[in-house]
Amino acid sequence: MHPEVARWDRPEYTRDAGLVVDVWARWDSVWFLRIAEDGYGATEQAAAAFYPLYPLLVGLLGRVLLGHYVLAGVLISLAACLGAFVLLDRLALPRLGDDGARRAVLYLAIFPFALFLGAVYSESLFLVAAVASFWFAERGSFLGAGVAAGLAWLTRPLGVALLPALVLFAWRAPNRGAALLRLAVAPALFALYPLYLWWKLGDPFAFLRAEQTWSRELSPAGPLGGLWDGLRAGWAGARQLVSSSDTTRYWSAVQDADPDRVAAINLAQLAFLVLFAGLTVLAWRQFGAPYGLFAALSLAIPLSVPSERWPLLSIQRFGLVVFPFFMALAVLGSRPRLHTGVVVVSAVLLGVVSAQWALWQWVA
């Protein structure tokens, strides 16, 4: 166990139903559980960065389960994960065939950071809503697409990246005007959150201001700002590892951690960003502009608000919910050797990341 776990853990929230269940409550899980039990008014304003749909469901089910909120969070995540797998298979089937659709689901399930799909985190809930929005849009049901996108937006900030992609679907529909009008239910649903914050905290934009608490600020250069900082951090990481120096810090933004570990994290985050960028291009070419646009915006948004200390902070976890990445990877996986490589590397890294998570080491 990490020696400083007492700084991050809150046993009054995370000790629930024994180790098998409680191990899935780490890091941000504490915030979701606090909101689920106590609401936003009883927590710091920083809590507004955690969007309401997931903790609302955890709170409701947790009360039904007689106060077992961690168990409720895990059950909701697993149920949403199963729904996302089923919908992704059906969405990918017309484009990839049976084998390709199954590969897409497999690659998602064994992605190195797929452990978040079963943890007390909102990734699974966002993922099922995001896939559902595309599934409805592909079938011309734009009211369903709008509702699903609105629910995704109430779950995570990246929900806004769904709207331009869905507008492209609606623009191509025979009844364009009606389709666009039905999509308007998405921002209408999301508006419930700032209205609630206005009533509860007196600040409808607390969810935006809260990002500064987490050392994220909008870059004047937009996504280029985060990209530039990520490249600088990656270059500093390469220099750090090559130098083998324990005294010289090439990335001075982080002073309270081992410089080699900082270097490895920054390089890993940059490597995943490069991978996601390549998969974005492939998704656009293979599946069309809506899929590529959603993937591109899902990268552009976090890059536009880079972390001060870790420019590409959590980029791996953000990519977990961008399902076009895994559809694109399934295209590449049609080659047997590449498929084997993806499965082996992903499975090994998933095991490593899961062990780190269990020991309260930050993974994404």
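The questions and answers below concern a predicted model.

Q: What does Glu217 touch, leaving aside its neighbours within four places in sequence?
A: Glu217 is in contact with Gln212, Ser304, Val305 and Pro306. As for Tyr121, its C-alpha is 23 Å from that of Glu217, and the two are 96 residues apart in sequence.

Q: How do you know whether Ser29 is buried or exposed?
A: The relative accessible area of Ser29 is 0%. Buried requires under 20%, so Ser29 is buried. Ser29 has its place in helix α4. A polar atom of its side chain lies 3.0 Å from the backbone oxygen of Val120. Ser29 touches Trp24, Val120, Tyr121 and Trp357, not counting residues up to four places away in sequence.

Q: Why is helix α4 described as mostly covered?
A: Helix α4 spans residues 29–38, and eight of its 10 residues are buried. The buried residues are Ser29, Val30, Trp31, Phe32, Leu33, Arg34, Ile35 and Ala36. These buried residues pack against α1 (5–8), α2 (11–14), α5 (53–64), α6 and α19 (336–358). Gly39 follows α4 and has a positive phi, near 80°.

Q: What makes Glu138 and Arg95 a salt bridge?
A: A salt bridge needs a side-chain nitrogen of Lys or Arg within 4 Å of a carboxyl oxygen of Asp or Glu. The closest N and O atoms of Glu138 and Arg95 are 2.4 Å apart, so the pair qualifies. This pair links distant parts of the chain: Glu138 is in helix α7 (residues 123–138) and Arg95 in helix α6, 43 residues apart.

Q: Why are Glu138 and Arg95 called partly exposed?
A: Partly exposed covers values between the cut-offs of under 20% for buried and over 50% for exposed. Glu138 has a relative accessible area of 29% and Arg95 one of 33%, so both fall in between.

Q: How do you know that Glu123 forms a salt bridge with Arg156 and with Arg317?
A: The limit is 4 Å. The N to O distance is 3.1 Å for Arg156 and Glu123, and the closest N and O atoms of Glu123 and Arg317 are 2.8 Å apart. Each distance is within the limit, so each pair counts as a salt bridge. Glu123 and Arg317 are buried, and Arg156 is buried as well.

Q: What makes Asp28, Glu123, Arg156 and Arg317 one network?
A: Salt bridges that share partners join Asp28, Glu123, Arg156 and Arg317. Glu123 is such a partner, with salt bridges to Arg156 and to Arg317. The structure holds six salt bridges.

Q: Which members of the largest nonpolar core touch the most other members?
A: Among the 116 residues of this core, they are Phe116, Phe134, Leu166, Tyr193 and Phe323. Helix α6 (residues 69–109) gives the most to the core, with 19 residues. A second, separate core of nine residues includes Ala233, Ala257, Val262 and Ile265.

Q: Why does Trp228 count as exposed?
A: The cut-off is over 50%, and Trp228 has 55% relative accessibility, so it is exposed. Trp228 is found in helix α14. Together with Leu224, Leu227 and Leu231, Trp228 forms a nonpolar patch on the surface, with about 420 Å² of accessible area together.

Methods: Residues numbered from 1 in each chain as written. Predicted model: local features only at pLDDT ≥ 70, side-chain atom pairs only at ≥ 80, totals over all residues. Heavy atoms only, no water. Core = buried A, V, L, I, M, F, W, Y, C linked by side-chain atoms within 4.5 Å. Buried < 20%, exposed > 50% of the residue type's maximum accessible area, 1.4 Å probe, protein only. Helix = DSSP H or I, 4+ residues; strand = E, 2+ residues; numbered from the N terminus. Contact = heavy atoms within 4.5 Å. Patch = residues over 30% accessible without salt bridge, like charges linked within 9 Å, V, L, I, M, F, W, Y side chains within 5 Å. Areas by Shrake-Rupley, 256 points an atom, 1.4 Å probe, with all protein chains shown as cover. Polar contact = N/O pair within 3.5 Å; in protein donor to acceptor, adjacent residues only side chain to side chain.
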